[in-house]
Amino acid sequence: MTSLTGRALRLTVYIGEDDTWHHKPLYSEIVHRAHAAGLAGASVFRGVEGFGASSRIHTCRLLSLSEDLPVAIVVVDTEERIRAFLPQLDELVAEGLVTLDECEVVRYTGRTPEPDGTGPEGKRSL
């Protein structure tokens with residue numbers, strides 16, 4: 001079982017949906033590296049509209065072409081573990097924004113999958 005409570009650090013990486021690393025989505029590479037680093041978890045959120053340093057607005061509105069929508073990858077773990085992960089982002093993120101915020105984890109618990117890949121209720125774990 002995984003558990004994390006109390007003071008933590010939230011890492012948020014803002015990039016474009018079309019950003020790639022070795023021909024695969026950059027957001028996927030960041031999530032996989034966070035997993036390999038043993039971080040508590042990572043989530044990717046796709047934005048519907050936004051702009052960054054280029055000042056070009058990216059949107060998914062019906063009458064507009066949806067191209068390179070904003071993506072945010074959020075990772076929360078202890079400060080020590082997040083800061084140890086930052087050098088990997090230096091290698092991966094050529095254009096984008098990386099922020100760190102102190103936060104408090106009120107409740108975070110996970111479960112260890114059974115050997116057959118299911119959780120305690122027999123449901124398949126992601």
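Visitor: How many salt bridges does the count come to?
Guide: This is a predicted model, where local features need pLDDT of at least 70 and side-chain atom pairs count only at pLDDT 80 or more, while totals for chains, interfaces and linings use all residues. Residues are numbered from 1 along each chain as its sequence is written, and side-chain values use heavy atoms, with hydrogens and water left out. A salt bridge is a side-chain nitrogen of Lys or Arg within 4 Å of a carboxyl oxygen of Asp or Glu. By that rule, the count is eight.

Visitor: Which side chain meets that of arginine 46 in a salt bridge?
Guide: Side chains of opposite charge can pair when their charged atoms come close. Here the N to O distance is 2.8 Å. Arginine 46 sits in strand E4, and its partner is 29 residues away, in the loop between E1 and strand E2 (20–21); strands (E, at least two residues) and helices (H or I, at least four) are DSSP runs, numbered from the N terminus. That partner is glutamate 17.

Visitor: In what order do the four strands form the open sheet?
Guide: Two strands pair if DSSP finds at least two bridges between them. Five bridges join E4 to E7, eight join E1 and E7, and nine join E1 to E8. The pairing is antiparallel, and the order is E4-E7-E1-E8.

Visitor: Which strands stand at the edges?
Guide: Look for strands with a single partner, because one side of each is then left without a neighbour in the sheet. The two are strand E4 (42–46) and strand E8 (97–105).

Visitor: Which residue in E7 is the bridge partner of alanine 42?
Guide: E4 and E7 pair in the antiparallel sense. Within E7, the residue that partners alanine 42 is valine 75.

Visitor: What angle does the direction of helix H2 make with that of E1?
Guide: Helix H2 (residues 79–92) packs on the sheet and touches E1, E7 and E8, where contact means heavy atoms within 4.5 Å. Axes are lines fitted to C-alpha atoms, for helices over the stretch in contact, and angles run from 0 to 180 degrees between N-to-C directions. For H2 and E1 the angle is about 20°.

Visitor: How far apart in space are valine 74 and arginine 10?
Guide: Valine 74 belongs to strand E7, and its contacts beyond four places in sequence include Arg10, Leu11 and Thr12. Valine 74 and arginine 10 are 64 residues apart in sequence. From C-alpha to C-alpha, the distance is 6.9 Å.
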